[in-house]
Amino acid sequence: MAEIIRIIEKKPIPFGSLMLNGLPDVGLVGLIATSHIIGELDLNEVAYMDSDLLPPIVVLHEGLPHAPLRIFGDSNMLATISETAIPATGIYAVVRHLVKWGKEKNVKLMISVGGLPVPNRQDIAEPKVYGVGTTPELIKMLKEKEIEIVKEGFMVGPQALILRYCMEQGVPGIALLAQSFFNYPDPEAAAAVVKEIAKITGIQVDVSKLLEKGEEIRLKARDIMKRTQMEMAKMRKTQEYDLPLYV
Amino acid sequence: MAESERRRRRSFFDIVSEYFEELEDWVSSLMEPFERPSWNERECSIEPLCNIFVGPTEVVVTADLPYAETNTIKVEPVSEDAIEITAKLRRPVSFHDFGITHRRGEFSAFKCQLRIPVPVDMEEMEIRFKRGILEVHLPRKRGYRIKV
């Protein structure tokens with residue numbers, strides 16, 4: 001059966017903008033950070049994904065049904081979030097399509113936002129943010145912004161695929177990954193990554209509300225975290241703890 | 001490559017590990033129809049997110065307890081191989097607080113029971129609570145020792 005994935009555009013999409021991706025992953029860092037940015041910048045829904053690979057659900061907001069995987073934006077920025085865990089079986093096709101769509105829109109920089117699980121997260125007061133870039137120039141740019149690079153290791157899941165397809169399709173891409181809990185929602189890590197996004201994009205977003213609402217977010221995010229954890233297990237996400245061998 | 005040839009080239013441990021992974025997938029697919037909500041309206045309690053890590057010397061259970069009143073957190077053994085975690089919330093939360101108007105219910109506590117997969121010494125249990133995360137350390141019981 002052919003894969004059915006469509007991105008339905010509800011409004012004109014700006015060309016040459018930045019594109020943030022906050023798909024559910026460890027600590028829901030990307031999802032929480034990107035949702036916060038969407039809220040603070042008052043971005044509007046400009047497109048959504050329709051696919052047989054996603055669960056058959058709609059999300060109700062203010063009584064109106066919405067697709068769970070949506071793209072928000074204004075003239076400078078596009079931001080993707082998914083309010084449901086993306087099934088491991090569909091992750092390749094979903095991310096491939098998302099990056100392809102970004103390329104069609106001539107996205108100037110794809111920023112994948114996520115977490116980097118650390119076992120001693122409870123003992124870290126201010127999570128550190130690491131960066132990954134798809135080109136030497138982007139790595140240089142990250143270093144100039146004083147973001148430490150992940151030099152060696154594995155990445156697994158949506159962030160990994162975004163980078164892979166960005167490389168494949170020639171879309172400039174970076175990942176910003178904050179130290180986070182593996183399977184507990186982590187608004188503090190999300191706040192840390194929002195601050196680093198500002199360094200790169202110049203778009204300042206206040207994180208005080210995000211930190212104030214931290215406990216509320218953790219309580220609200222339990223169900224999507226649980227489902228994301230189930231999908232991460234299928235993707236063998238714990239492989240991120242492994243050491244790569246390249247002799 | 002034929003399946004038998006492929007299997008022969010892998011180590012015994014790879015094959016065992018794959019069987020376990022397949023078994024895990026099968027068990028989780030069986031459990032799917034029994035999925036339940038993470039809240040209990042009758043008991044006015046919420047099930048926290050939990051994790052169990054089995055290490056060589058201890059089992060570490062963690063639970064995410066946002067809004068928990070620190071001095072009400074309790075971890076009690078309910079059997080030889082299970083513990084119950086309870087904690088009162090600093091303030092009750094309702095569905096309404098999350099913008100959900102088609103359900104009724106107010107929750108004032110966290111509650112969950114967890115089965116510990118290996119024998120542990122419940123009396124030596126150690127607990128710490130930091131950044132809203134409860135951490136329960138349970139030393140593993142040593143059943144027997146093989147002389148080398």
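Residues 24 or more positions apart account for 78% of the contacts in chain A with a separation of 6 or more, two residues being in contact if their C-beta atoms, placed from the backbone, lie within 7 Å. The model is predicted: local features need pLDDT of at least 70 and side-chain atom pairs count only at pLDDT 80 or more, while totals for chains, interfaces and linings use all residues. Residues are numbered from 1 along each chain as its sequence is written, and chains are lettered from A and ligands numbered from 1 in the order in which they are written.

A compact globule of 247 residues would have a radius of gyration near 18 Å, and the 17 Å of chain A agrees with this; the radius is taken over C-alpha atoms, and the globule rule is 2.2 Å times the number of residues to the power 0.38. The C-alpha trace of chain A spans about 45 × 40 × 40 Å along its principal axes.

Chain A contains eight helices and eleven strands, which are DSSP runs numbered from the N terminus (helices: H or I, at least four residues; strands: E, at least two). Within chain A, strand 7 (residues 77-82) has six of its six residues buried, so the rest of the structure largely encloses it. On one side of strand 7 lie A:Met77, A:Ala79 and A:Ile81, and on the other A:Leu78, A:Thr80 and A:Ser82, all of them buried.

Strand 7 of chain A pairs in the parallel sense with strand 2 (residues 18-22) over five bridges, where pairing requires at least two DSSP bridges. In this pairing, A:Leu20 stands opposite A:Ala79. Strand 6 (residues 69-73) of chain A runs antiparallel to strand 7 and is joined to it by five bridges; here A:Arg70 has A:Ile81 as its bridge partner. Strands 6 and 7 of chain A form a hairpin with three residues between them.

A:Ala79 is also among the residues with the most contacts inside the largest nonpolar core, which has 95 residues. Such a core is a set of buried Ala, Val, Leu, Ile, Met, Phe, Trp, Tyr and Cys residues joined through C-beta atoms within 7 Å. A:Val29 is another of those with the most contacts in this core; the residues it touches include A:Val113, A:Ala178, A:Ala190 and A:Val193, leaving aside residues up to four places away in sequence.

Finally, eleven residues of chain A are in contact with 13 residues of chain B.

Methods: A residue is buried if 20 or more other C-beta atoms lie within 10 Å of its own, exposed if 12 or fewer, and partly exposed in between; C-beta atoms are placed from the backbone.
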